[in-house]
2 protein chains.
Amino acid sequence: MGTIASWPPSRRAQLALTLEVAGTPKPGNVDRHREYDGLRFEHFLAGAIGATPGLEAAADPSVPLGVAFESAVEGMACQRGGNTQFGALLAVCPLVRAAVRADGAPTGPSVDAVVDRTDVNDAIAFYRAFDHVDVAVGAPPPDFEDLDVRRGGGAAETLRSRSITLAEVMALASDRDGIAAEWTNRFQRCFQAAEVLVNGEGPVLQRAARTFLELLADEPDPFVALSHGEAVAQSVTDRASALHRTEADIETVESFANSLVRRDVNPGTTADILAGGLFIALSRGLEV
Amino acid sequence: MGTIASWPPSRRAQLALTLEVAGTPKPGNVDRHREYDGLRFEHFLAGAIGATPGLEAAADPSVPLGVAFESAVEGMACQRGGNTQFGALLAVCPLVRAAVRADGAPTGPSVDAVVDRTDVNDAIAFYRAFDHVDVAVGAPPPDFEDLDVRRGGGAAETLRSRSITLAEVMALASDRDGIAAEWTNRFQRCFQAAEVLVNGEGPVLQRAARTFLELLADEPDPFVALSHGEAVAQSVTDRASALHRTEADIETVESFANSLVRRDVNPGTTADILAGGLFIALSRGLEV
């Protein structure tokens, strides 16, 4: 008794979020050895714990999922670092709900059901979440300016008149946003990360760091592409791939991590996917 | 709205426990830059979050305080590092209850009321907490072998026949155990730490590290005295005092921290008091 897998899903989600930021080295991201001037380690701890009411709401099927997510973001914004875990919560909240449906670890069918059941009210609440914190996002495609997430709660009428679901909002953004793509691909990369975590060896935070590198080696980070362009995102992934393939020693990965932080190159989406993977892995019995 | 001071006290306690372990350098203790082979950073994160049910019980005046503490320790023991926060929880649980009484931050009178209301059932539950995790403690005084905490739940009958309260148990141990002394001195050093934290400058984790050094400079750590003898405890405090007085640069404090970890000298009680101080400070409006 008392195993982490038997905890309420909201508590497993808190732990997943804190383990995500603690894992080191996670090249380019805040981790327990690296931080940016205005975005520090403690902001992520407070963000993870501040998100609790929303995570609890995500575990309560009577609360619309979009509303739970908005609440999680509002709680996350308790700290002064700004956006710490918007993307991570966007991955973790539906996984928490899927875990409740599956009565254990999220499964493919439970994730499908959660995504497919979203409606226009979830979409509206998702837009409102952008009112609580500054999130770096790209412009919408030319024909979708009125669906720009930066409109926040102001987009409610547009969303309602188009009666667009949250799943549809994600589908529209999935070629530019990595977490939107996860929704559309039914959290395929989060499940893949969970496999690597569960089947790995050694302390959980070493597994987390290795999983991060593997995810980064697999696909260019969409957030790096947004902030620095596709070429930089590709070069980061090429380097991660070389380090992962050759099982580079920790010093070499640390040095890569330092160089990315110096250039402010922050593969944030990859970290968000790791958070989702950690949640699934803890739900499957990964011990700490 | 949404400020940390307005959170439920149990959530503020979670954050206090995670901030405590994250603060660095905290010479000799696990922090986010230093850990021991079998006692790692992630064990403290999982311990803090695992303690949630007990922290919530501590905030519920209908649950005996000793039972809440036992539940917190049982939850803390979800991870494989062993004893991470027994002492910190022994400081934080009564402060959480005092915060509820005071409807805000703990105060002197609310702490008095919480300590004075403990009874023999609290004492019995406190002893049972030792059944959940190995805690390094010293032998009891010669006339009190039957009150050895290492008897755990087995001491219930003795406690009942003597009808000794938890506050009395603490008083008996207060010359050897720093948290027992806090109970007896009504959490004087936790309140002192909170003052330093609230009135300090800079990011909260820098304040936490400076407060730790100041606490260590003020008094030899009882846990170091127990594990390595009074002379070592005094020498650690003398060195901390010199570093604190001269406002030594971070590299010098880091080097002191490394030397203590190498010698396995772990001022754990000082860290527990810092956790209590962080809880009070967050309750008074310290921001992250």
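Predicted model: local features only at pLDDT ≥ 70, side-chain atom pairs only at ≥ 80, totals over all residues.
Me: How many residues of chain B are in contact with chain A, and what area is buried between them?

Reply: The size of an interface is often given as the accessible area lost when the parts come together. Here 32 residues of chain B are in contact with 32 residues of chain A. The area buried between the two chains is about 2,800 Å², and carbon and sulfur atoms give 63% of that. In chain B, Arg32(B), Ile49(B) and Val288(B) lose the most area to chain A, together 22% of what that side buries.

Me: How many salt bridges are there between chain B and chain A?

Reply: Side chains of opposite charge can pair when their charged atoms come close. The count between chain B and chain A is four. One of them joins Glu35(A) to Arg32(B), at 3.4 Å from N to O. Glu35(A) sits in the loop between H1 and H2 of chain A, and Arg32(B) in the loop between H1 and H2 of chain B. Glu35(B) and Arg32(A) also meet in a salt bridge, at 3.4 Å.

Me: Is Arg32(B) buried or exposed?

Reply: Arg32(B) is buried, because its relative accessible area of 7% is under the 20% cut-off. Glu35(A), at 31%, is partly exposed.

Me: What does a salt bridge within chain A tie together?

Reply: Take Arg128(A) and Glu70(A), which meet at 3.0 Å, N to O. Arg128(A) lies in helix H7 and Glu70(A) in helix H4, so the pair ties together parts that are 58 residues apart in sequence. Glu70(A) counts as buried at 12% relative accessibility, whereas Arg128(A) is partly exposed at 31%.

Technical notes
Residues numbered from 1 in each chain as written. Chains lettered and ligands numbered in written order. Heavy atoms only, no water. Contact = heavy atoms within 4.5 Å. Buried area = accessible area lost by both parts, 1.4 Å probe. Salt bridge = Lys/Arg side-chain N within 4 Å of Asp/Glu carboxyl O. Helix = DSSP H or I, 4+ residues; strand = E, 2+ residues; numbered from the N terminus. Buried < 20%, exposed > 50% of the residue type's maximum accessible area, 1.4 Å probe, protein only.
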